[in-house]
Amino acid sequence: MAESGKGAVVAALIGNLLVAVTKCIAAFVTGSSAMLSEAVHSLVDTGNEVLLLHGMRRSRKTPDSRHPIGYGRELYFWSFIVALLLFALGAGVSIYEGIVHIRDPEPIVSPTVSYVVLGLSMLFEGGSWIVAARGFAASKGDLGWWAAVRASKNPPQFMVLLEDSAAIIGIGFALVGTWAAVQFDEPRFDGAASIAIGLLLAAVSIVLARESKGLLIGERGDAVLDEAARRIACDTPGLIGVNDVITVQLAPDQVLVMLSVEFDDALTTAAIEQAVDRLEKRLRGERPEVHLLFVKPQTPRLFAEARHRFLERKAAPAEPRPAAPPPDPASP
């Protein structure tokens, strides 16, 4: 899953770089506002792919004393930054440029250049989109596309797919805006296309930010992993039952698993250690994404009491802090 995400990012980086250079030249030659917005869009996308690759590399760092559970969430952090950049730079610049072009319209020079460049851009972006779509389709299973985006734990995969989809739609907006500006001799259509591109990028960035934020805060692992952990624990000799299973996604291929289980009271300390070792080996064998496993021996009664205390603390209003005593006038 991680390798397919990296392949999609690399393909998108190459495609966006080629598109960005081509659009920048065309925007300079034609003076088209929509073409300039598309150039900014492609430049932002190119920078975004670099940040995603940086986040993927950083997430592979081994744990150390300062980060005992590793650096997996760096990928989610940089994915969130990518979403913010797409909104602030891609959408912001496009909308601003469109408004300026509507207020002070300038005719498009050499529209044929725009058509050729946009056609080439569609070709480059389409190739990148095919790579991203194939990788995402292979990982989504039986889920629908939107449901797979919501359930995905691998931001680079769906980020590249959504960015490339927005790029292709944006190229369509630019083509329509350029054609209308030339056909009706009204340059404001070009500015309107630029605003439409900006609004499209804003919508995509909001979706990306929402999905990345959930992973950055700490989403649970997939339900299949929860069921596997519970099943394997129940099948482990010496374990009587499972009270609760908590999973936290650290990276696309890294999950923290915490189990509250009840052991047979007749087991010795050594036997409990052996049972935990068997449980961990079998769970890691079936689910290699298990990065860390913590097992807490706990009877159902103690678990219920701890759960009740937790819910009470959560529901209770916060106690006001005591007011600070007034300063002593006699003190120096």
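**Close-ups of a predicted model**

View 1. At least two lining residues each come from β1 (239–251), β2 (254–263), β3 (290–297) and α10 (300–315) in the second largest pocket. This is a predicted model, so treat every view here accordingly. Of these contributors, α10 gives the largest share of the lining, with four residues. The pocket holds about 310 Å³ of space. Its lining runs to 14 residues, and the ones nearest the centre are Asp244, Ile246, Ser260, Lys296 and Phe303. By residue class, the lining of this pocket splits into nine nonpolar, two polar and three charged. As a general point, rolling a probe the size of a water molecule over the atoms shows where empty space is left.

View 2. Residues 223–235 make up α8, 13 residues in total, and the helix reaches 18 Å from its first C-alpha to its last. That is close to the 18 Å you'd expect at 1.5 Å a residue. Which residues of α8 are buried? They are Leu225, Asp226, Ala228, Ala229, Ile232 and Ala233. Look down the axis of α8 and these buried residues fall within an arc of 165 degrees, so they line one face of the helix. The general rule behind this kind of pattern is that an α-helix has 3.6 residues a turn, so residues three or four places apart point the same way. Over on the face of α8 turned away from the buried side sit Val224 and Glu227, both exposed.

View 3. Is Thr236 buried or exposed? It counts as buried, with a relative accessibility of 6%. For a sense of scale, Thr236 and Arg150 are 86 residues apart in sequence, and their C-alpha atoms are 33 Å apart in space.

View 4. The structure holds zero disulfides. For reference, a disulfide is a covalent bond between the sulfur atoms of two cysteines. Cys24 is partly exposed at a relative accessible area of 33%. Cys234 also counts as partly exposed, at 41% relative accessibility.

View 5. Asp185 isn't a glycine, yet its phi is positive, about 50 degrees. Most residues other than glycine have a negative phi. You'll find Asp185 in the loop between α6 (155–183) and α7 (188–217). Asp185 is exposed, because its relative accessible area of 65% is over the 50% cut-off. From Asp185 to Gly90 it's 95 residues in sequence and 27 Å in space, C-alpha to C-alpha. Next along is α7, whose 30 residues reach 43 Å from first C-alpha to last, close to the 44 Å expected at 1.5 Å a residue. Gly218 follows α7, and its phi is positive too, near 130 degrees.

View 6. In α2 (residues 33–59), 19 of the 27 residues are buried. How far apart are the end C-alpha atoms of α2? They are 39 Å apart, which agrees with the 39 Å its 27 residues should span at 1.5 Å a residue. Ala138, for its part, lies in helix α4 (residues 111–140). At 70% relative accessibility, Ala138 counts as exposed.

Note on methods
Residues numbered from 1 in each chain as written. Predicted model: local features only at pLDDT ≥ 70, side-chain atom pairs only at ≥ 80, totals over all residues. Heavy atoms only, no water. 1 Å grid on protein atoms, 1.4 Å probe; cavity = no way out; pocket = protein on both sides within 12 Å on 5 of 7 lines; lining within 4 Å. Points joined across faces, edges and corners; volume = space filled by probe spheres on them. Nonpolar A, V, L, I, M, F, W, Y, C, P; charged D, E, K, R; others polar. Disulfide = S-S within 2.5 Å. Buried < 20%, exposed > 50% of the residue type's maximum accessible area, 1.4 Å probe, protein only. Expected span 1.5 Å × (residues − 1). Arc of directions from axis to C-beta.
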